[in-house]
Amino acid sequence: MLTIENVTKRFGEIVALDRVSLSLARGEFFGLLGPNGAGKTTLMSLVAGLRAPDSGSISINGQHVGTNAMAPRHELGFVPQAIALYEELSAEENLRLFGKLYGLAGQELRARVDHGLHAAQLFERRQDKVQTYSGGMKRRINVVASILHRPALLLCDEPTVGVDPQSRNAIFEFLQKLNADGMTIVYSTHYMEEATRLCSRIGIIDHGHLLALGTLDELLTHLPFSELVRIARNDHTTAQMQALADYGEITKAEDAYLFKLRDGVRFSEFFAAAEELGLPYRYFNIRRPTLEDLFLHLTGKNLRDN
Amino acid sequence: MRTVLVLVGNEFRRFATDKAAISLTFIVPLVLIYIFGNVFGVNSEDRGPKGIPLAVVNQTDAAVPAAIISALQKEPAFKVITSHKDANGVERVLTEPEVRRMMRAGDIHFALIFPTDATSDSEVALKMKFLRNARNEIETETVNGLLEKTIFTAAPQALLASLQRLGANQVGSETMTRFNHSLADAVARGFGGDPANILHSIETGEFNIPGTTSAGTDGNSFLDRLIKMEREEVGGGNVKNPMATRSVGGYAVMFLLFSLTGASTSLFDEKKAGLYQRLLAAPVRRTHILWSKYIFGILLGVVQLLALFVAGRFLFGVDITSNVFNLLLICLAAASACVAFGMLLAALAPTAAAANGMGTLLILTMSAVGGAWWPTSFMPQFMQQLSKFTIVYWSIEGFLRVLWANCNTRDLLPVLAILLAFAAVASTISIWRFRHGQIFE
């Protein structure tokens, strides 16, 4: 469906993307996870044909993507990060305009616009100006405006920025339905929860490098540990951390210590030692590692701090 | 109080970052004050208009017209034109038919004709024709006044000298000389003075005759009865409402520039809204967007101009129906030039605020220099030259040719060509900038 081969893009001295390669199969829901400035939007803009890569190539269904190539654009829908709508026009007028630009007309255009308005739950307010909508309503129309022509590939560049939980859920459900109907989706985000919930495959990107690629389970195998112990931070535990360090690696988090068991050490040994040190079980919380932990492991920094 | 001062400081910091506000607050007024100062001669002892082209045709060899022409040539308000280059580039003395042709074409607006019977051997009198194309009322009234002042200052001496020659012809030079001597002695005895000086004044005509220093505005003055000036309108004589017809073009093009510059700077708003990302991800090219802006701007401009002219028709009786095809042509050319100007601003300015600030400065300056507010002849020479590089000047010229002179398409072609050439050059630069700039990224 989408093939990205050795793509590099520079802005002056800054290397926004460095030899990125990626291949997506039809029907995938692919998440591009990374902090702000990682290169997600640059990659999206190259795939959308808004910019040309300095080197490498991109193709959609075998058709080369370029700033002057029109054919792949009919296969593609793009939900920009900004609410790219004419705010002084109504939702219906916006949808009709964008539908016409893709060559839709007459009854077909009418039907697709109505369907889109229903999908965005805005049919009753279709004639209101977009500027009168809430942020969530605008975001929903922003997505719908990109799929009127029923593209094979939909690029969503952080489409839920600044959206309330209710609208976010509505957008998620809408995208999941599109994906279930066969649409391939590339979804960029810096929220690991979104990537975890939506995406069948995830790529982690930072400083223009694609650091890891795979399903959630595949990605987590990159970690040298399978469980993480969160230990409440207080005078009692702080005094005993040195002794527990013999069993694994301890790092300081905001209000806790994070403990990763060393290879070859069993949890029963660790908890027995803790009991001997007089630390009650209520201070301990075992959980599975997340993409946040993976990102920290890969880059040495937190995803959210960026 | 401290809180207020902190907030005041913040206001200044924000103001300092707003280039458009700085431009509108300081640069625009300074530029306009400079232009107004030059027009009204605030810093100059030699105030008033300079170098208004005045064609002069002298069909006699008489001394009086020659003396008046010499005086007109010394008057800085006028640029006296007595010859022109023909189609072969040969310099030829102007003739009345040629002058009339030039006036109808709008090349000159004023002419003074001394006919073959301007003076006569049998009487002391002067006849002349003043041809005018009163496209600009202020300029026409000013030229009228200056012309009368110059003529009525120079004519008496020449007429009295003529009287001496007429007397000598009639009674013989010896008798005339004796009469002058007797008259000089009588004047010296009666009023005092040196008889030799008085004799010189009599012979050369250097008298201060009452009624000759008021520029002849008093219809009963002595000179008014001697100097007959026939006035004729060449072009615009049949215009129904001259005042409105003269001014509508200048104001129309100024407002057109404002509206079309505003429309062009919408590019920045659309970029900020991310609309170009959506549009360019669709089967839409950059050139599609630019062409849509140009076509919309031109149509909006033509409709705006026509709306203003229709309003002029119903409110002030401006005749827009008798030359409607040429009016449409000049509206189209002016709108094209104004759109190109707006797009050039949008292409060169880094932000919408900068474009609007620069736009306001340039539009007001072009309107002032281009003749929308006052005749260009009221400005210093360098500004008059500068005016010919403005859209406003050529748009006004086109509107006046159509509405005032009721010209045909052939006579309008040079103006159309200049406006469209400006549009082409500005558009080429803009499109190059848009293609290589940041607006679509």
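Start with chain A, which is divided into domain 1 (2-220) and domain 2 (228-288), the bounds coming from an automatic or database domain assignment. Select the two domains of chain A in turn, and note that their C-alpha centres lie 43 Å apart. This is a predicted model, in which local features need pLDDT of at least 70 and side-chain atom pairs count only at pLDDT 80 or more, while totals for chains, interfaces and linings use all residues. To find your way, count residues from 1 along each chain as its sequence is written, and take chains as lettered from A and ligands as numbered from 1 in the order in which they are written.

**Chain A as a whole**

With chain A still selected, its C-alpha atoms fill a box of roughly 80 × 45 × 35 Å, taken along the principal axes. Chain A holds 10 helices and 14 strands, where helices (H or I, at least four residues) and strands (E, at least two) are DSSP runs numbered from the N terminus. Of the 306 residues of chain A, 39% count as buried; a residue is buried if 20 or more other C-beta atoms lie within 10 Å of its own, exposed if 12 or fewer, and partly exposed in between, with C-beta atoms placed from the backbone.

**Stops in chain A**

Select Arg19(A), which has its place in strand S2 (residues 14-24) of chain A. Although Arg19(A) is not a glycine, it has a positive phi of about 50 degrees. Most residues other than glycine have a negative phi. Arg19(A) has 14 C-beta neighbours inside 10 Å and therefore counts as partly exposed.

Now select helix H2 (residues 91-101) and helix H3 (residues 106-119) of chain A, whose axes come within 10 Å and cross at roughly 130 degrees. The axes are lines fitted to C-alpha atoms, for helices over the stretch in contact, and angles run from 0 to 180 degrees between N-to-C directions. H2(A) and H3(A) are therefore oblique to each other, given that angles under 35 degrees count as roughly parallel, over 145 as roughly antiparallel, 65 to 115 as roughly perpendicular and the rest as oblique. The crossing of H2(A) and H3(A) is right-handed; a crossing is right-handed if the near helix is turned clockwise from the far one by less than a right angle, and left-handed if anticlockwise.

The last stop in this chain is Ala256(A), found in strand S13 (residues 256-261) of chain A and, with 17 C-beta neighbours inside 10 Å, counted as partly exposed. Its C-alpha atom is separated by 9.5 Å from that of Thr237(A), 19 residues apart along the chain.

**Stops in chain B**

Turn to helix H1 (residues 2-17) of chain B, whose 16 residues should span 22 Å at 1.5 Å a residue, in agreement with the 23 Å between its end C-alpha atoms; the expected span is 1.5 Å times one less than the number of residues. The number of buried residues in H1(B) is zero, so this helix lies largely in the open.

Select Leu275(B) in helix H11 (residues 275-281) of chain B, a residue that counts as buried with 20 C-beta neighbours inside 10 Å. The C-alpha atom of Phe440(B), 165 residues apart from Leu275(B) along the chain, is separated from that of Leu275(B) by 9.4 Å.

For a pair of helices, select H13 (residues 324-348) and H17 (residues 409-436) of chain B, which pack at an angle of about 20 degrees with their axes 8 Å apart. That angle makes H13(B) roughly parallel to H17(B), and H13(B) passes H17(B) in a left-handed crossing.

Helix H14 (residues 352-370) of chain B contains several buried residues, including Ile363(B), Leu364(B) and Met366(B). H14(B) is followed by Gly371(B), whose phi is positive, near 100 degrees.

Finish at Asn406(B), in the loop between helix H16 (391-403) and H17 of chain B. Asn406(B) is not a glycine, yet it has a positive phi of about 50 degrees, and with 17 C-beta neighbours inside 10 Å it counts as partly exposed.
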